[in-house]
Amino acid sequence: MMHFGKYIAATALAISTMVTAVTAEPLKIALAETPSDELAAFFVALDRAKANGLDYEWTAFADEELAIQAILSGQMDIGFGTPYAAMQRSKAPLRIIFQLSKLKFFPVAVEEYTDLKQLDGHPIMLHSRGGGTDSIANVIEERIGIKFGERSYVPGSSNRVVAMLAGQAEATILDLSNKNKIIAEADDRFNVLPMFDVDASDEALFANLDWIKENSEQVDILVSALLSVWQDMSADPTIISRETNPDGPIGQLPAEILGELDGFYTEAVAGGLYDPNGGGRKAAQADLEWYTAAGQLDGNPAELNIEDFWYLAPLDAAAK
């Protein structure tokens, strides 16, 4: 019986009209971090997708680059990240299908600094070379007209909070929850510096275009679930805590984190961290402009084709 099941899975493409969700291979998802409050909305969407017949499994990788490599190698099916450099330089046709969150990061500095221009020539601590915070630093330099001093790299916003509290750096860039954490703990020592608005993607969901087309039913279920959660969350951020499965990976987080879910998502939605429309064409164009300025894409963004980087059919179908 097991051999017969493997035979069906192996020949799914040839007899796709006869194969049901029950016999399809589980969707393999590559997370770029371990489950956290920021992933709670995504796991709510996974629960909705599961209720609609999606079978999935997930693996948490240490960082975005490893998640991207897992997709490129075929080890995983769909992943978290903004792999624009890999899209342009790899022969694999990677495409984004949904914007999970925008680049809403916050420059935080010791109290003597109150404006980004004051950081001209001063060192800054970032997540990783070539990563999202590195890109933000590049664009800040371009837009504000400054040049940071030495860049040091400490992966993980929470680890950078520890370093800042220990006096190991004067300035960094943090995500929403860790910006809140450091200000709550030591607002007399640090300032959040004013930052310009950004519509570009911080985290997005992407996969190989050939795989997407071959597994369109699974992809459509997932994107529809994501869109429904992002829209519901926009109307009422407390939907995330109410729908979080207490037996799931988010439900197993410490009680103090679960107790702050409503506050986190209320502030995140108010701050524009999530696009209720899943990004789409607006996000795709913003991404081309941002990641070109950040040095991760070559060419003139006005001349780049968003369809070389995004596959919009699943999102268009879910929006109907």
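User: Is Phe 42 buried or exposed?

Analyst: Phe 42 is buried, its relative accessible area being 3%. Buried means under 20% relative accessible area, exposed over 50%, and partly exposed in between, with a 1.4 Å probe and protein chains only. This is a predicted model, in which local features need pLDDT of at least 70 and side-chain atom pairs count only at pLDDT 80 or more, while totals for chains, interfaces and linings use all residues. Residues are numbered from 1 along each chain as its sequence is written, and side-chain values use heavy atoms, with hydrogens and water left out.

User: Which helix holds Phe 42?

Analyst: Phe 42 lies in helix α2. Helices (H or I, at least four residues) and strands (E, at least two) are DSSP runs, numbered from the N terminus.

User: And what is Phe 42 in contact with, leaving aside neighbours within four places in sequence?

Analyst: With those neighbours set aside, Phe 42 is in contact with Ile 29, Leu 31, Phe 80, Leu 100, Leu 205, Leu 226 and Trp 230. Contact means heavy atoms within 4.5 Å. The C-alpha atoms of Phe 42 and Ala 225 are separated by 9.3 Å, although the two residues are 183 residues apart along the chain.

User: How many residues of α2 are buried?

Analyst: Helix α2 is mostly covered, with 9 of its 12 residues buried. Among them are Phe 42, Phe 43, Leu 46 and Arg 48. Helix α2 (residues 40-51) reaches 17 Å from its first C-alpha to its last, close to the 16 Å expected at 1.5 Å a residue. The expected span is 1.5 Å times one less than the number of residues. Just after α2, Gly 53 takes a positive phi of about 105°.

User: Turning to the sheet, what is the strand order?

Analyst: The open sheet has 5 strands in the order β2-β1-β3-β10-β4, with mixed pairing. Strands β2 (56-60) and β4 (94-102) are at the edges with a single partner strand each, so one side of each has no neighbour in the sheet. Neighbouring strands are turned by 20° against each other on average, direction ignored. Two strands pair if DSSP finds at least two bridges between them.

User: Which strands does α9 lie across?

Analyst: Helix α9 lies across β1, β3, β4 and β10, and runs at about 15° to β4. Its buried residues include Ala 225, Leu 226 and Trp 230.

User: Elsewhere, at what angle do α5 and α13 cross?

Analyst: The axes of α5 (residues 132-145) and α13 (residues 280-293) come within 8 Å and cross at roughly 85°. Axes are lines fitted to C-alpha atoms, for helices over the stretch in contact, and angles run from 0 to 180 degrees between N-to-C directions. The two helices are therefore roughly perpendicular, a term for angles of 65 to 115 degrees. In α5, the residues that meet Trp 290, Tyr 291 and Ala 293 of α13 include Ile 136, Val 139 and Arg 143.

Note on methods:
Parallel < 35°, antiparallel > 145°, perpendicular 65-115°, else oblique.
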